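Look at the sequence and the structure together. The paragraphs below go through the strands, the core and the aromatic rings.

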Amino acid sequence: ISIADVPIQHSPFSFVVLSGFPDVHKSWFETPEGPLYSMIDYSFTLFTADKWGNRCSKGGAYVSGRISSHSLPAGQDVDLEVEDLLDGCYRLKIMLRAPAEVKCMVTIAREKPSPAAGAQASGQTHEMPALNFSFVSEKAQQLKEEREREKLRKASMGNLPTQTTLLRGFT
């Protein structure tokens, strides 16, 4: 027996709570910091928890991810590569071929859904809340940052004291 996660010494009992199946309402993502650039591989992690909020400690669920957008680049793969880390976490990999705003949908199922059986309709598959990613061109982002630095430099030049103001006190 334990109190506040600290075992009571010499207790004759021990309880271990095993997590249940991942719940989409209790699971969460860790996403990459922005800005995200096109033509660069990124990954984000799905941390799973059961309906009671217990962190899942093993893998085995079928997790899939896909992206959608009105402006997907030509030839863009919409399915994401998923790696089961076997500890209740799943790494999803994403790379966009060109700048775009995309919505990422991730589903969790007990087993690989059968397209013929209509897994969504049977309730076997559960979808996480969608993630929105904005991918930009690295060159365009660099130009934007250079323009902002130049604007700041010019603004700070206007605040420097001129020779006239420096000499006024010495006449």
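**Strands, core and rings**

E83 stands opposite R91 in β8. The strands β7 and β8 pair in the antiparallel sense over four bridges, where pairing requires that DSSP finds at least two bridges between the two strands. They form a hairpin with four residues between them, and L86 in the turn has a positive phi of about 65°. Strand β7 (residues 79-84) also pairs with β6, again in the antiparallel sense, over two bridges. There G65 stands opposite L80 in β7.

This is a predicted model, in which local features need pLDDT of at least 70 and side-chain atom pairs count only at pLDDT 80 or more, while totals for chains, interfaces and linings use all residues. Residues are numbered from 1 along each chain as its sequence is written, and side-chain values use heavy atoms, with hydrogens and water left out.

The protein as a whole has three helices and eleven strands, in the order β-β-β-β-β-β-β-β-β-α-β-β-α-α. Helices (H or I, at least four residues) and strands (E, at least two) are DSSP runs, numbered from the N terminus. Among contacts (heavy atoms within 4.5 Å) between residues at least 6 apart in sequence, 68% join residues at least 24 apart.

Of the 171 residues, 26% count as buried, that is, under 20% relative accessible area with a 1.4 Å probe, protein chains only. In soluble globular proteins, nonpolar side chains tend to be buried together. A nonpolar core is here a set of buried Ala, Val, Leu, Ile, Met, Phe, Trp, Tyr and Cys residues joined through side-chain atoms within 4.5 Å. The largest such core has 24 residues, of which F44, L46, I94, C104, V106, F133 and F135 touch the most other members. Strands supplying at least two residues each include β5 (42-47), β8 (89-94) and β11 (131-136); the largest share, five residues, comes from β9. Leaving aside residues up to four places away in sequence, I94 touches I40, D41, Y42, F44, I67, L80, F133 and F135.

Which residues do ring pairs link into a cluster? They are F29, Y42, F44, F133 and F135. Rings of Phe, Tyr and Trp (its six-membered ring) pair if their centres lie within 6.5 Å; planes under 30 degrees apart count as stacked, over 60 as edge-to-face and the rest as tilted. The whole structure holds five aromatic pairs. The Y42 and F135 rings have centres 6.0 Å apart and planes at 65°, so this pair is edge-to-face. Y42 lies in strand β5 and F135 in strand β11, 93 residues apart, and both are buried. The pair of F44 and F133 is tilted, at 5.5 Å centre to centre and 45° between the planes.

Methods:
Buried < 20%, exposed > 50% of the residue type's maximum accessible area, 1.4 Å probe, protein only.
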